[in-house]
Amino acid sequence: MAPAIDPTMDSNEFRKHGHSLVEWMAEYLDSVESFPVKAGVEPKDILNNLPVAPPEKGEPFERIFDDFKSIVLPGVTHWQHPSFFAYFPANSSPPSILAEMLTACLGLQCMSWVTSPAATELEERMMEWLGAMLQLPKEFTGVIQDTASTATLCALLSARERASGFQVNELGLPRDQLFTTYCSTQAHSSVEKAVKIAGLGRRLAGGRRPLCVVAAIGTTSSTAIDPLKEIAAICRRHRVWLHVDAAFAGTAAILPELRWMLNGVEDADSLVFNPHKWMFTNFDCSAYFVKDKESLVRTFEILPEFLRTPADGRVNNYRDWGIQLGRRFRALKLWFVIRSYGVNGLQQLIRKHIGIAQQLAKWISSSDDFELLAPVPLNTLCFRYRPSGTQATEDLNPINEALLQRLNATGRIYLTHTKLAGAYALRMAIGQTTVEERHVRSAWELIQSTARSSREPP
Ligand SMILES: *Cc1c(COP(=O)(O)O)cnc(C)c1O
């Protein structure tokens, strides 16, 4: 008897399943609003539905895809739901999804120019486009990193090497020369993580040499904007590396009316922003710009014999511009997105999101029993319920914490929270690709009715 052939996929099967997957994806994007935004599962619900051991024999694609629908889908939080207001968005768009499909199909490894010249050169041009969209000075050169966390680590390592005359790479950190990094209390946790990884020590102490300042343009809690020009002047005076973390808000700087946020960037050393948050480009895609490209490349360059090529010196080998050797072809989705929308189209959508957020800010300010807890310069609101007669933060905090749980349990919206000066705040970021004012209006109605009804005993 002939041995049974395991059902792997030939190109006809691939074509068939590919078409039906695209159908499913289009349907999903059209109907994502009908799903509960936040996964309602308990820990291990999904795990317990997955076989403990891998299958010995191949399985047909239909069965795998059925399990995707019945096991995986109920356990996902729908990040592309228009009423997803949690964290920051990781929005996407049809052209970006199509580019990701092509990226997966080509399956490139973009470590060096020679491993795919088009990927390297498209990345170079896309970073020029993004730099122009942000009106960055010409001296900035860009490279795509996976995340802002990685970009910030690259900035700290480059700062460390430049300040030490590239000696820490050679000899390790000297005992008699300790460095320190400055940022505000609202800086993203990735700064602290980078300080730890870079061997700088996160416990601040006097007597250390200032190495780097990280300015936040759009903090994660409330999109607060550090005064870049003033900070840059101090950094310049003391020859300290200035890294600008605009991971989320950088996208808004493509609007002429908001470009002021980056005033002073001409005196910064590096900047990161994430097209994968608010610029309709699938995660992951983080744009890192650096003024002194040499310090970046000198920090990371390693040239073992097997990586040497005749083109070195004339081309960008992006493996030397960051931590990873292997790199995904991320420039393609940027190219598809920027060309599909055009800069004007991107600007219009970002402007629309900010407009909706400003509308909600007005509704909250004019309400008797809600209050904003921070200014709303962009699209992110921090606010709380404050029923009449309750004033003290220690009383309001548990009320708002319970309100958030109730709201998210409805499955109709998803918000997260933050604490600002001890006050528990509901936090709502409005940047979904398909969000409309009607979504935010009904979210606001739900928030008010849930808050007011929660005052009565359940
Ligand atoms: C989201 C965010 C980060 C981290 O971004 P990743 O790309 O997930 O590493 C860093 N800084 C700020 C201000 C952010 O909002």
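In which helix does Arg441 lie?

Reply: Arg441 belongs to helix H13, which spans residues 437-453. The model is a predicted one, and what follows should be read accordingly. The relative accessibility of Arg441 is 38%, so this residue counts as partly exposed, since that class lies between the limits of 20% for buried and 50% for exposed.

Strand E10, residues 423-429, presents another setting. Seven of its seven residues are buried, so the strand is largely enclosed by the rest of the structure. In a regular strand, side chains alternate between the two faces of the sheet. In E10, Ala423, Ala425, Arg427 and Ala429 point one way, whereas Tyr424, Leu426 and Met428 point the other way. Both sets are buried, and Arg427 is among these buried residues.

E10 has pairing partners in E8 and E9. With strand E8, residues 380-385, E10 forms four bridges in the antiparallel sense. Strand E9, residues 416-420, also runs antiparallel to E10, and five bridges join the two. E9 and E10 form a hairpin with two residues between the strands. Within this hairpin Ala421 adopts a positive phi near 45°.

These parts belong to a chain whose secondary structure comprises 13 helices and 10 strands. For 458 residues, a compact globule would have a radius of gyration near 23 Å; the chain has 24 Å, which agrees with that expectation. Along the principal axes, the C-alpha atoms fill a box of roughly 80 × 70 × 45 Å. Buried residues make up 49% of the 458. Of the contacts between residues at least 6 apart in sequence, 74% join residues at least 24 apart.

The chain exposes about 22800 Å², of which carbon and sulfur atoms supply 55%. There are 48 positive and 49 negative side chains, and a distance of 5 Å lies between the centres of the two sets.

Terms used
Residues are numbered from 1 along each chain as its sequence is written. Side-chain values use heavy atoms; hydrogens and water are left out. Buried means under 20% relative accessible area, exposed over 50%, partly exposed in between (1.4 Å probe, protein chains only). Two strands pair if DSSP finds at least two bridges between them. The radius of gyration is taken over C-alpha atoms; the globule rule is 2.2 Å times the number of residues to the power 0.38. Contact means heavy atoms within 4.5 Å. Accessible areas come from the Shrake-Rupley method with a 1.4 Å probe; for residues, only the protein chains shown count as cover. Lys and Arg count as positive and Asp and Glu as negative; His and the chain ends are not counted. The place of a charge is taken as NZ of Lys, CZ of Arg, CG of Asp or CD of Glu.
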